Amino acid sequence: MALNAASHNPTGEKTGPVSGQPPPPSDDTKNAVLEAANGDLKGHNAPGQDGGDKKGETKQKSEKELAKEKAKAEKIAKLAAKQEKQKAMAAASQPKQKEKKQQQKLAPYVEETTKGEKKILKPLDDEYHKAYIPSVVESAWYDWWEREGFHLPEFQENGEVKPKGSYVISIPPPNVTGALHIGHALATSLQDALIRWNRMKGLTVLYVPGCDHAGISTQSVVENMLYNRRNGLTRHDLGREKFVETVWEWKEEYHMKINKVMKRLGGSMDWTREAFTMSPILSAAVRKTFVQLHDEGLIYRANRLVNWCTKLNTALSNLEVDQKDLEGATKLDVPGYDKKIEFGCIWNFKYPIDGTNETIEVATTRPETMLGDSGVAVHPSDERYKHLIGKHVKHPFVDRLLPIFGDETVEKDFGTGAVKITPAHDFNDFKRGKEHNLDFINILTDDGLMNANAGPIFEGQKRFDVRYSVITELEKRGLYVGKADNKMAIPLCNKSKDVIEPVMKPQWWMQMKPLAGPAIDVVKNGQIKMMPEGTEKTYIRWMENVDDWCLSRQLWWGHQVPAYFVKLQDGPEYDTEAGHWVCGATEEEAKEKAEKKFPGKKFELERDPDCLDTWFSSGLWPFSTLGWPEQTHDLQKLYPTSMLETGWDILFFWVARMIFFGLKMTGQVPFTEVYCHSLIRDSEGRKMSKSLGNVIDPVDIMDGITLDGLTDKLKVGNLAPKEIERASKWQKSAFPDGIDECGADALRFSLINYTTGGGDINFDVKVMRSYRNFCNKIYQATKYVLGNLPADFVPQEKGGKTGKESLPERWILHKMTIAAKDVNEAMETRQFSNVTQALHRYWLYELCDVYIENSKSIIRDGTEEQRRSAIDTLYTALDSALRMMHPIMPFLTEELWQRLPRRPKDTTKSIVIADYPQYESSLDDPESDRAYELILGCSKGVRSLIQEYGIKDDGKAFVQPHNDEAYNTAHAEHAAIKALSGKHLAELTILNPGQYPPAGSAVYPVSSAAAVFVQIGDKVEPEKEIQRLKPKLEATAKGVSEQERVLGSLGEKVRGEVRKEEERKLQELLDEQKVYQQSLEKFEEMKL
């Protein structure tokens, strides 16, 4: 039916204009209308009066007419009643529309507590405390924790660690290059949860904070800043000393920002022991390590090929180079070029044979490198080229003859069978060049330009411009053959994304084979345990094939190499003889070594200007942060550390190096456990990237941010306009309303819950919001408990049983101790998502949804003894729940725990140092658990069936126990089941085991112990009920098959309790299947 709301009323609405209902008439208007109606019966009649002549004779109605009117009136009344009932039912079936309250936005909260003082707790009915507001709850606590020294390691009076042992984590130091990202928040959340848990368990605990100087990244950022903000100023304009000063100033600014976020996340680090990789202590450790390893011959000087980044002007280790796979011809952006450069091709050209008219065809994926060729290799048995071995080809562009030589490693059937050799610019050719004594000809400057060795045509040109100009020149000379697609990998700098060039450079190298062996052994023999599963194999495979490590970096920011070249009078030029280098922690020490090496000779020392790879100092982190090389108290008592928690992507960059450095320099493993967390991707599974706009600042989640605020952040960085446009478009789709304030606790809980030990994490901010709601549930539940504690309430001295507990109390105490058991076991085995799931289950589904709700009637209506017992149990369950949650949600738990009254003799100042709940066998009560679960299951089943069948009055239900224990429980708790089943249940019958309910009853399988039935009524439609039951039976049968598959897949090594639990699940499903099948058969009989 078409309705025009402007002229007709929409269905169910009173007639009115499209703009809304008209205003009601005023009292004066109503009085005037009534007066006119009463005075003129021919006009509008007043309510309750007929129109007509007031003085006319009243007509007398016959009995037949009166009876007819009466019947009509009754019919109208029945119709009206029916319509009212239909309206009421329709209204009941509609979801309730909550009135949107006009919430007045509160002004930003101002914390009145003096910094460092214990927080002033405001009343919970205060406008800022009525509801959970993260910024209000999380304020002031951290400064107080820090001032009170709760985060410092606690030793015994004799200086030893506490009897329960020690637990130490050195934070993976974030790069001091800018803001922390969500990956840092994940690492901090996991590490701090372990730290707080162990602290509460009574261990001596230390969480070491600090930052890494991040040589390449930091220098690059500061150089860009100088160039952009100071009119093209470079580090060379400033000079080394002034530039390093500038970087130190920049470091201090960003360093403080990083620390602020760490504290905001709740990381309980000991800031009095904060470390920095370029602090005096750590710098001393670097110098000692380098000098010692050089003196032992493990560090050596060699002129070898390195991975050279022309953009950053430095050498890189293999780990700092990414390989980009190409299927064929592909044009890529390269820094410093306006147009894209073609890769993924192989170009063929010919070299003329000197003294003949012959040519030999070769191929290359890098045409520009032919300018550095110094030979052509063929297989010695290749009939095509045998006669050419020993002859030379003539280079077409430079005055150079290249020998043709035989090499059995050449593949005759690959390409043309002839291979051009560029020893100074190719890792494969480097080895052949050494073996055949070829010339090593460098054709590149450090900036990626062609030098004089490339010949006058090309000198000064950019390397990839030469790629095209070489082809042009070859074509002119008739030597170019053609190109084809070539599947290959391109090496890229993982910092600048520049294409890496292999270049000959004299550098410092570290022998890895002697160090890798012991580092492999400690993992194989279990001294270091690596998680998740598979990490150990990856580590061992890499270490068994590790190459020597290039230590030199052509930087100014970092640890300058403590090596000095001894320049003798009339001696070799600087850095032309490896034997003229000496190393020393100071120049005086180096001078003494030089005098011993060259006795009686006059010399000058020139220090190597290069810096060491950042990972060199980071590799010393676990022991240098504890004071090494000095034998400090921390080093003696807290080393080896306990755990290294980090991302798997730096397993080789950092973890491997810490292990071999620790073993070499201290004789001990640096830690006994490695846990590699997953990498975080966005909600669509994409890697987080600034250019995609999906990099999420944890502060934005904790504090909240508008969409405009997110977009403004994009504009602050170095993104191109097109990238900003793309990134802001994604932000608009992902966060149309910005990001709500979620707080640190919800963020931590979410990130830890994501950590399953599996693959990468697809991170969704919406999940944060759901756990913020969970925080609110905890907050409101605690408020309720606090509101129900008597003003003079003093908890029992101990939280165990008194013997007076009701069944619900025994049940929640059982759930509490099982939760403690599950959480502690999951923490111990690093099953982090199991930790959060156990906490979530206990808090939400057991404490809040069941015990707190069911205790309300006891507290309201019970005897004094019952009330006291229920409140004592409520206090115990809540206190334990807060302490269990603290390692995950430190701020919320402290805020609420501080409001709880303390037990007598308990002087604990903070939940930070309170005892962590442990499993207590005296509270483990499986009988009460089964009994109360049966009650809850039966009442839930009755409510479900009553709702499903729309039963409003006189509901009749039956409990069918499957064993004697269930029968005894149901019989004893008959009243409780009936009360919890809701107001629509009038009659509840407990059947004997084996007894069936009346025909025509709907079924709800509760568990393997019982089922419940509700009598549908007189008008049972068997076929309809059969159709209801069939999908349920099919779903259960499917569940049985799946569970049988799960059981069959369990290996022999699976724990007994795991197998037992899976067998229990199968039995539950089989019993459920049986109940549905029996019910189906009953309805089939009714059909007959």
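Leaving aside its neighbours within four places in sequence, which residues is N494 in contact with?

**Entry 1: N494**

I began with this residue and found that N494 is in contact with L319, E320, V321, D322 and F653, once neighbours within four places in sequence are left aside; contact here means heavy atoms within 4.5 Å. Before going on I noted that this is a predicted model, in which local features need pLDDT of at least 70 and side-chain atom pairs count only at pLDDT 80 or more, while totals for chains, interfaces and linings use all residues. I also noted that residues are numbered from 1 along each chain as its sequence is written, and that side-chain values use heavy atoms, with hydrogens and water left out.

I then looked up the place of N494, which is in the loop between β17 (488-493) and β18 (501-510); the helices (H or I, at least four residues) and strands (E, at least two) are DSSP runs, numbered from the N terminus. One of the contacts of N494 is D322, and these two residues are 172 apart in sequence but 5.8 Å apart in space, C-alpha to C-alpha. With a relative accessible area of 22%, N494 is partly exposed (buried means under 20%, exposed over 50% and partly exposed in between, using a 1.4 Å probe and protein chains only).

**Entry 2: the whole protein**

I next asked how many helices and strands the protein has. The count is 32 helices and 33 strands. Of the 1088 residues, 49% are buried, and among contacts with a separation of 6 or more, 75% are between residues 24 or more positions apart.

**Entry 3: aromatic rings**

A pair of aromatic rings is described by the distance of the centres and the angle of the planes. Searching the whole structure, I found 37 aromatic pairs (rings of Phe, Tyr and Trp, the last by its six-membered ring, with centres within 6.5 Å; planes under 30 degrees apart are stacked, over 60 edge-to-face and the rest tilted). W144 and F150 form an edge-to-face pair, 5.2 Å centre to centre with 80° between the planes, and both residues are buried.

W145 and F891 form a stacked pair, at 5.4 Å centre to centre and 25° between the planes. I wanted to know why this pair ties together parts that are 746 residues apart in sequence, and the reason is that W145 lies in helix α4 (residues 141-148) whereas F891 lies in helix α27 (residues 890-897). W145 is buried at a relative accessible area of 0%, and F891 counts as buried at 2%.

I also found one aromatic cluster formed by F290, W508, W549, F565, Y574, W581, F616, F660 and F661. A member of this cluster, W549, has R657 lying over its face, at 3.9 Å from the ring centre. The charged end of R304 sits over the ring of W509, 4.1 Å from its centre (for such a case NZ of Lys or CZ of Arg is within 6 Å of the ring centre and within 35 degrees of the ring normal).

**Entry 4: two packed helices**

I looked up helix α23 (residues 765-788) and helix α25 (residues 832-861), which pack at an angle of about 30° with their axes 11 Å apart; axes are lines fitted to C-alpha atoms, for helices over the stretch in contact, and angles run from 0 to 180 degrees between N-to-C directions. That makes α23 roughly parallel to α25 (under 35 degrees is roughly parallel, over 145 roughly antiparallel, 65 to 115 roughly perpendicular and the rest oblique). The residues making the contact include Y771, F774 and Y784 of α23, and H840, W843 and L844 of α25.

**Entry 5: backbone details**

Most residues other than glycine have a negative phi, and most peptide bonds are trans. With this in mind I looked up exceptions, and found that the peptide bond from M531 to P532 is cis, with omega near -5°, and that P532 is in the loop between β19 (529-531) and α13. T535, in helix α13 (residues 535-544), is buried at 10% relative accessible area and touches M530, L651 and C676, not counting residues up to four places away in sequence. Another cis bond joins W628 and P629, where omega is about 15°, and P629 is in the loop between α16 (621-624) and α17 (633-638).
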